[in-house]
Amino acid sequence: MRLRGVVVAGLLPVLMVGLVTAPAAGADAPPYGAIGDLKLAKAEDKVDMPLVAPPSGATVLFDGKSLDEWVSVDGKSPAPWKFVDGSAVEVQKGGIMSRQKFDGHFLLHVEFRVPYMPKATGQGRGNSGVYLQGRYEVQVLDSYGLQSQDNDCGGIYKVAAPLVNACKAPTVWQSYDIDFRSPVFEEGRKVKPARISVLQNGVAIHKDVEIPLDNTVAGLGGDPSKPGPIMLQDHGNPVQYRNIWLVPLKD
Ligand code: MG
């Protein structure tokens, strides 16, 4: 037994070095490493969008330093996402939502990037999502170079495809500026649906789209006449977010 223990102890440092330095045979490239021979439509598709500072009057939801404004979607646990690069967080262990709830008319700014997952396809490739009031998803996905459908990146999930595919390449920082109008209720009856306009990387991909639903797939649901949080989806992929803020707007 003692001899066996010595052998194991002697091997341990070697094994540990191997774990750190030698990728498993056939492993994918690191999700935020080089994008290899991915064919770019334009050179700027691999240029990060700049960080956009919150304007005065903005509610800063994530500045890279703290997830104090967020909670797990169970409403109780701390937001479990991983901090990366001192300015971003990476999806893991479940979705998160803002502690504050919002209604009325507002602008939400979100910066995100999707991993490079060349062996994955469709909804399994860099999936996450930004939910307004926890109910209406603007899809996050690696849809680079595709003919976008209503479940692709920039789609209002299963409601409206983006007008154009404005995606940058995977691993590159992108932005959403989402102008959201809550549905209007009078005496318990919906008299105006929710409406969404979106700029992706500064390009208009939705213009005042009416949302005929009270909850898109995997939304939090609940009473659509009540305020709701901003929710960021965990769909099992290491999507990253940074610099998230919201500004109330007047009609
Ligand atoms: Mg999604």
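Predicted model: local features only at pLDDT ≥ 70, side-chain atom pairs only at ≥ 80, totals over all residues.
Strands β12 and β13 form a hairpin with two residues between them, and N201, in the turn, has a positive phi of about 55°.

Strand β12 covers residues 194-200 and has two faces. A194, I196, V198 and Q200 make up the covered face, whereas R195, S197 and L199 lie on the uncovered one. As a general point, the strands of a sheet pair through backbone hydrogen bonds, either parallel or antiparallel.

A further group of strands forms an open sheet. Five strands take part, in the order β2-β5-β14-β7-β8, with antiparallel pairing. The edge strands are β2 (70-72) and β8 (136-140), each of which pairs on one side only. Inside the order, strand β7 (residues 128-132) and strand β14 (residues 231-232) run antiparallel and are joined by two bridges. The bridge partner of Y131 in β14 is M231.

The pairings described above with their bridge counts are set out below.

| Strand | Partner strand | Sense | Bridges |
|---|---|---|---|
| β7 (residues 128-132) | β14 (residues 231-232) | antiparallel | two bridges |

The largest nonpolar core has 47 residues, of which L108, V130, L132, I178 and I196 touch the most other members. Strand β6 (residues 105-113) gives the most to this core, with four residues. If residues up to four places away in sequence are not counted, L132 touches L108, I178, F180, I196 and I230.

Is L246 buried or exposed? L246 is buried, because 21 other C-beta atoms lie within 10 Å, and the cut-off for a buried residue is 20 or more. Its contacts, leaving aside neighbours within four places in sequence, are A58, T59, L61, F102, F106, L107 and L108. For one of these contacts, T59, the separation has been computed: L246 and T59 are 187 residues apart in sequence, yet 5.2 Å apart in space, C-alpha to C-alpha.

Terms used:
Residues numbered from 1 in each chain as written. Pairing = 2+ DSSP bridges. Core = buried A, V, L, I, M, F, W, Y, C linked by C-beta atoms within 7 Å. Buried ≥ 20, exposed ≤ 12 C-beta atoms within 10 Å, placed from the backbone. Contact = placed C-beta atoms within 7 Å.
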